[in-house]
Amino acid sequence: MKTAHLTTVDMSLWYLVLPQLIAAQQLGEVIGISAPGSFVPDLEAKGVRHIPLGASTRGVSPLSDLRAAVQFWRILRREKIDILHTHNPKPGVYGRILGRLAGVPIVVNTVHGLYATADSPLLMRAVVYGLEMLSSRFSDAELIQNPEDFDLMWRFRMAPRSRMRLLGNGVDLERFTPASEESRRRARAAVGVDDDRVVVGMVGRLVAEKGIPELIEAAEVIGDGYAFIVVGPDDPEKADALPRETLDRGVAAGVRFLGMRSDVADLYHAFDIFVLPSHREGFPRAAMEAAASGIPVIASDIRGCRQVVESGTNGFLVPVSDSVRLAEAIVRLGEDPAMRSSFGEASHRRAQAMFDEARVVETVIETYERAARRKGLAWQVVGVADPVVRSASGSDAPAIARLHQRLIPSGFLSSLGHRFLGLLYRDL
């Protein structure tokens with residue numbers, strides 16, 4: 001079996017789905033398709049073949065998106081993929097549609113977070129929900145990370161209900177663990193912070209949507225006794241990328257921007273409080289990592305953050321874009337070491353119970369297997385850590401051949417038409 005994961009950029013392949021890529025190697029060859037970048041060598045070192053999608057961008061660019069779709073179609077025609085797994089908003093739309101039109105036997109999509117929530121403007125909701133309703137008709141399974149998204153999609157029938165499955169999200173619980181006294185000492189020494197200061201840490205891209213301007217405003221009013229650390233890369237393709245003057249203002253307020261780091265698991269051990277004042281999240285990985293590391297979490301009261309933080313138990317939820325309430329929550333935790341300790345222990349327990357990445361990977365592989373059984377493809381996954389057993393006889397090879405023979409040979413535009421309409425209305 002040839003399995004391909006489609007994302008916007010290679011960073012998503014590395015940080016969001018790497019365990020799934022590794023697990024799928026049990027089935028055969030695994031391909032990552034995205035814009036190329038610095039993570040490609042690391043992916044290939046893990047046994048993942050990368051195919052560049054040069055036109056793919058994170059920003060809003062309809063022309064680039066169209067070019068990316070055409071490039072992706074050519075990849076599909078060349079590679080004869082057996083399982084296509086799409087991610088992120090834009091690849092999730094054109095990837096599902098083109099994957100089905102190209103005759104890929106199994107098409108699966110992960111909803112990492114609907115780009116519009118119930119609070120978004122009506123026009124935005126109409127566009128996002130409409131695209132989701134359309135593209136979900138072309139997949140065999142919709143894996144939805146967040147229970148709030150699941151409820152919304154179920155209520156508005158954004159996907160065929162028989163194909164919807166709550167996936168959840170998780171992190172490596174063996175990598176992200178609470179600090180020992182020694183690891184805490186080393187981590188704080190590495191960032192140059194005295195032991196008597198309260199370290200407020202954040203991990204995220206340097207964009208306004210992550211709430212960094214609000215964190216800077218909170219740092220300006222809190223004053224001495226606190227050290228603010230932000231770990232994460234610039235994201236210049238995004239419209240809300242932080243300008244230099246905003247970062248300079250943060251530095252003047254005492255915020256240290258460490259940039260992209262590969263030692264995030266160690267850096268968490270320097271944090272006393274983790275903050276994530278985002279405006280929009282699907283199911284925030286950094287907040288889960290912090291919880292697994294035994295850190296109390298202060299986050300915005302939004303979808304995704306509500307799944308990580310139980311306010312008053314392992315942290316606090318504060319209103320979006322409210323730097324005053326954010327500062328109050330930081331000071332409340334900062335002045336109460338006993339509360340920080342209690343909340344940190346509760347964070348770790350919550351992560352152990354709810355954020356195990358191994359369970360997520362098992363669900364993904366099981367979803368592939370279910371879809372294959374429904375289509376008469378007689379291969380089976382014994383277990384995530386076990387080898388794949390696939391029948392060499394019976395109907396699976398002919399079935400795959402028949403599905404691939406459905407390709408229309410005359411090009412991109414000629415595949416539209418009766419097949420498109422048939423796939424669109426088969427679930428209505």
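Reader: Before we start, what makes two aromatic rings a pair here?
Author: Rings of Phe, Tyr and Trp pair if their centres lie within 6.5 Å. For Trp, the six-membered ring is used. Keep in mind that this is a predicted model.

Reader: How many aromatic pairs are there in the whole structure?
Author: The search finds ten. One of them is F150 with W154. Their ring centres are 6.1 Å apart and the planes make 20°, so the pair is stacked, as planes under 30 degrees apart count as stacked.

Reader: Where do F150 and W154 sit in the fold?
Author: Both are in helix α7, residues 147-155. They are four residues apart, so about one helical turn separates them.

Reader: What's the general rule there?
Author: An α-helix has 3.6 residues a turn, so residues three or four places apart point the same way.

Reader: Is F150 buried or exposed?
Author: F150 is buried, with a relative accessible area of 18%. W154 is partly exposed, at 37%.

Reader: And Y268 with F271, stacked or edge-to-face?
Author: Edge-to-face, because the planes are at 85°. The ring centres are 5.8 Å apart. Y268 and F271 are both buried.

Reader: Which aromatic cluster are they in?
Author: One formed by F176, Y268, F271 and F274.

Reader: Switching to helix packing. How do α4 and α5 meet?
Author: Helix α4 (residues 62-79) and helix α5 (residues 89-101) pack at about 35°. Their axes are 10 Å apart. The crossing is right-handed.

Reader: Which residues make the contact?
Author: From α4, D65, A68, A69, F72, W73 and L76. From α5, K90, Y94, G95, L98, G99 and L101.

Reader: How many of those are nonpolar, polar and charged?
Author: Eight are nonpolar, two polar and two charged.

Reader: On to α9. Which of its residues are buried?
Author: In α9, residues 212-222, the buried ones are I212, E214, L215, I216, A218, A219 and I222.

Reader: What follows α9?
Author: G223, with a positive phi near 85°.

Reader: Last one, E369. Buried or exposed?
Author: Buried, because its relative accessibility is 11% and the cut-off is under 20%. E369 lies in helix α16, residues 357-374.

Reader: How far is E369 from I106?
Author: Their C-alpha atoms are separated by 9.7 Å. Along the chain, E369 and I106 are 263 residues apart.

Key:
Residues numbered from 1 in each chain as written. Predicted model: local features only at pLDDT ≥ 70, side-chain atom pairs only at ≥ 80, totals over all residues. Heavy atoms only, no water. Phe/Tyr/Trp six-rings, centres within 6.5 Å; stacked < 30°, edge-to-face > 60°. Helix = DSSP H or I, 4+ residues; strand = E, 2+ residues; numbered from the N terminus. Buried < 20%, exposed > 50% of the residue type's maximum accessible area, 1.4 Å probe, protein only. Axes fitted to C-alpha atoms, helices over the stretch in contact; angles between N-to-C directions. Left-handed = near helix turned anticlockwise from the far one by under 90°. Contact = heavy atoms within 4.5 Å. Nonpolar A, V, L, I, M, F, W, Y, C, P; charged D, E, K, R; others polar.
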